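Please walk me through this structure in a few paragraphs, as I am new to it.

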Amino acid sequence: AQPCWQAENIYVYGRVNYVSSSLESVISNLEQSGYRRKRAKRKRGMGSNEFWLDCVVSGLLVFPRHSKIAQHSLVRHQRALVIQDKSSCFVAQGFDAPLGWTIVDACAAPGNKSMHLISRGIEQYGESFYQHPIRVIAIDRDKERFALMHRTIHEHGYDAFIETRNVDFLKWSCDDCQGIILDPSCSGSGLLNRNWTDDLEENLQEKESQRTRLKHLSNFQKKMLRHALCDFANCCRVTYSTCSIYKEENEMVVYEVLNQVQGLGWKLVDFLPQWPRRGWKDPLDSEQAAFCVRTDPKLDHTNGFFVACFERTLHERNIRQ
Ligand code: SAM
């Protein structure tokens, strides 16, 4: 099976690491080393040393596919710029964590979304962030991936704000978190170079093993989402995301779990409303689908991705008061 989108359609993205740098400083460093900021709308025929600012994710710089930005010292040595796909940045951008919140990143390794949450908080709140910092508890059950995440968080200067734990999320809970980001293992069918097709109705033989795997993944994802929504007494915001293009891992998980947790006060809320591509209407209703976010790797110059956000007011509190 071949993915039906092309590598050259996907741009390279670098987000500013606000723990140690700023947008101005990164841009000035890039310009001094021969990069040029492009302001015009037309992006075709971009030179490899050009970049522009993304208009959805703040502090995100966009480079053409053939750019050598990943080798730049801002990325490799100074760690002022972190390579992270645009769609993966949607979670922290849309989560909009209030000051003082503790957020559990339930499937955190290698730590991209945990670090982006903190970086985004510093960008958004400036000096106030340090008075009422957002804290992240970054969990991953896989030993090796956990070790990599722990090292990366340290190397990028996030130790003061992110606590790491090598535990199974399904066997763990806490009463003092206000938010959870849940980005569980998935088919990765939205990523380049994965052996998934975008149409499960074609190529039936191969499809059978894909369908079985999809079923297992989907059951696991529902279990994880149920745990996030049911077993954290003071949690009032949960995002669920995957880098899958299949509704079995996206809208169907959201739909089924939402029905199973009725009575706990959770509802879907509009996530990143400025992004135009929304969830699918089957099986969600029109309003619910319009609240969810999707990206299409064929059209959006980013990996295929899905995010839904649940909120409840039942236990909402402002811990700064
Ligand atoms: N959120 C990460 C990021 O943006 O860098 C990527 C997470 S990756 C898609 C899924 C992760 O979930 C894997 O590292 C896997 O080890 C972890 N995982 C799977 N099941 C888990 C569980 N029951 N408890 C904790 N972590 C789990």
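Five strands form an open sheet in the order 2-3-4-1-5, with mixed pairing, where strands are DSSP runs of E with at least two residues, numbered from the N terminus, and two strands pair if DSSP finds at least two bridges between them. Strand 2 (36–37) and strand 5 (81–83) stand at the edges with a single partner strand each, so one side of each has no neighbour in the sheet. Strand 5 runs antiparallel to strand 1 (residues 12–16), and three bridges join the two; Arg15 has Val82 of strand 5 as its bridge partner.

The model is a predicted one, in which local features need pLDDT of at least 70 and side-chain atom pairs count only at pLDDT 80 or more, while totals for chains, interfaces and linings use all residues. Residues are numbered from 1 along each chain as its sequence is written.

The protein chain is divided into domain 1 (7–84) and domain 2 (88–311), with bounds that come from an automatic or database domain assignment. The centres of the two domains, taken over C-alpha atoms, are separated by 25 Å. Across the boundary, 17 residues of domain 1 are in contact with 21 residues of domain 2, contact meaning that the C-beta atoms of two residues, placed from the backbone, lie within 7 Å. On the side of domain 1 that touches domain 2 there are nine nonpolar, six polar and two charged residues, where Ala, Val, Leu, Ile, Met, Phe, Trp, Tyr, Cys and Pro count as nonpolar, Asp, Glu, Lys and Arg as charged, and the others, Gly among them, as polar.

The largest nonpolar core has 88 residues, of which Ile103, Ala106, Ile118, Ile180, Leu182 and Val307 touch the most other members. Such a core is a set of buried Ala, Val, Leu, Ile, Met, Phe, Trp, Tyr and Cys residues joined through C-beta atoms within 7 Å, and a residue is buried if 20 or more other C-beta atoms lie within 10 Å of its own, exposed if 12 or fewer, and partly exposed in between. Not counting residues up to four places away in sequence, Leu182 touches residues including Ala106, Cys107 and Tyr240.

Around the ligand there are 19 residues, of which Cys107, Asn112, Asp142, Phe169 and Asp183 come nearest. The residues of this shell divide into eight nonpolar, four polar and seven charged.

Arg145, finally, is partly exposed, because 16 other C-beta atoms lie within 10 Å. Leaving aside neighbours within four places in sequence, Arg145 is in contact with Ala109, Pro110 and Asp140.

Conventions. A residue is near a molecule or strand if its C-beta atom, placed from the backbone, lies within 6 Å of it. Helices (H or I, at least four residues) and strands (E, at least two) are DSSP runs, numbered from the N terminus.
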